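Please open the model in your viewer and keep the sequence panel beside it.

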Amino acid sequence: MRNDQWNKRYFVLLSLNSPHLLATSCVLVEPLDLARLSLGDKIHVKCRGGRKLEGILHAYDPHLNLIIGPVAETLEEPYVDEKTGALKTRATTRLIDVLFVRGDGVILIAPVHC
């Protein structure tokens, strides 16, 4: 997609708990500008294989490699309930101090607003 297709103006409302201004306007020129605006803020990342990450974005690059920390990683695994035979999902969560996420495994990035 060319840059001139991303010339719409977006308004980013920052959280009341944020140390930044309460509200600001900015221009998103490229999709990675959302990552740039989220530096130092809490983000939600959905990865391949059912992994979900939530933590503070410290760094990123054009390949969407991310450095996040501290991170809460949730892995959702399907299983069959032995009693009913129904397909259910089991979630396992672990805490990680700092995590490097390779960009080709990232499906979605979204800012988390408190």
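## A tour from the loop to the salt bridges

Begin by selecting N65, which is placed in the loop between strand 4 and strand 5; bear in mind throughout that this is a predicted model. N65 counts as buried, because its relative accessibility is 17%, and the cut-off for buried is under 20%. Show its side chain together with that of D61, and you will find a polar contact of 2.9 Å joining the two. If you then display the surroundings of N65, leaving out residues up to four places away in sequence, the residues it touches are A59, Y60, F100, V101, R102 and G103.

Select L64 next, which is in the loop between strand 4 and strand 5. L64 is not a glycine, yet its phi is positive, at about 70°. As background for this stop and the next, most residues other than glycine have a negative phi, and most peptide bonds are trans.

Move on to G69, which is found in strand 5, residues 66-80, and to P70, whose place is also in strand 5. The peptide bond from G69 to P70 is cis, with omega near -15°. Is G69 buried or exposed? With a relative accessibility of 2%, G69 counts as buried. Setting aside its neighbours within four places in sequence, G69 is in contact with I56, H58, D97 and V98. For V98, draw a C-alpha to C-alpha distance to G69: the separation in space is 4.2 Å, although the two residues are 29 apart in sequence.

Now colour the largest nonpolar core, which has 13 residues; V45, L53, L66, I68, V71, L99 and V101 are those with the most contacts inside it. At least two residues of this core come from each of strand 3 (42-47), strand 4 (51-60), strand 5 and strand 7 (99-101). Centre the view on V45, which, not counting residues up to four places away in sequence, touches R51, K52, L53, L66, I68, V106, L108 and I109.

Turn next to the charged side chains, where the structure holds seven salt bridges. One of them is formed by E54 with K42, whose closest N and O atoms are 3.7 Å apart. Because E54 lies in strand 4 and K42 in strand 3, this pair ties together parts that are 12 residues apart in sequence. E54 counts as partly exposed at 30% relative accessibility, and K42 is likewise partly exposed, with a relative accessible area of 37%.

Select K52 and E76, whose side chains meet in a salt bridge at 3.5 Å, N to O. This pair links distant parts of the chain, with K52 in strand 4 and E76 in strand 5, 24 residues apart. K52 counts as partly exposed at 28% relative accessibility, as does E76 at 33%.

Go then to D104, which forms a salt bridge with R102, the closest N and O atoms being 3.5 Å apart. Here D104 is partly exposed, with a relative accessible area of 45%, whereas R102 is exposed, at 58%.

Finish with the rings. How many aromatic pairs does a search of the whole structure find? The search finds zero.

Technical notes. Residues numbered from 1 in each chain as written. Predicted model: local features only at pLDDT ≥ 70, side-chain atom pairs only at ≥ 80, totals over all residues. Heavy atoms only, no water. Helix = DSSP H or I, 4+ residues; strand = E, 2+ residues; numbered from the N terminus. Buried < 20%, exposed > 50% of the residue type's maximum accessible area, 1.4 Å probe, protein only. Contact = heavy atoms within 4.5 Å. Core = buried A, V, L, I, M, F, W, Y, C linked by side-chain atoms within 4.5 Å. Polar contact = N/O pair within 3.5 Å; in protein donor to acceptor, adjacent residues only side chain to side chain. Phe/Tyr/Trp six-rings, centres within 6.5 Å; stacked < 30°, edge-to-face > 60°. Salt bridge = Lys/Arg side-chain N within 4 Å of Asp/Glu carboxyl O.
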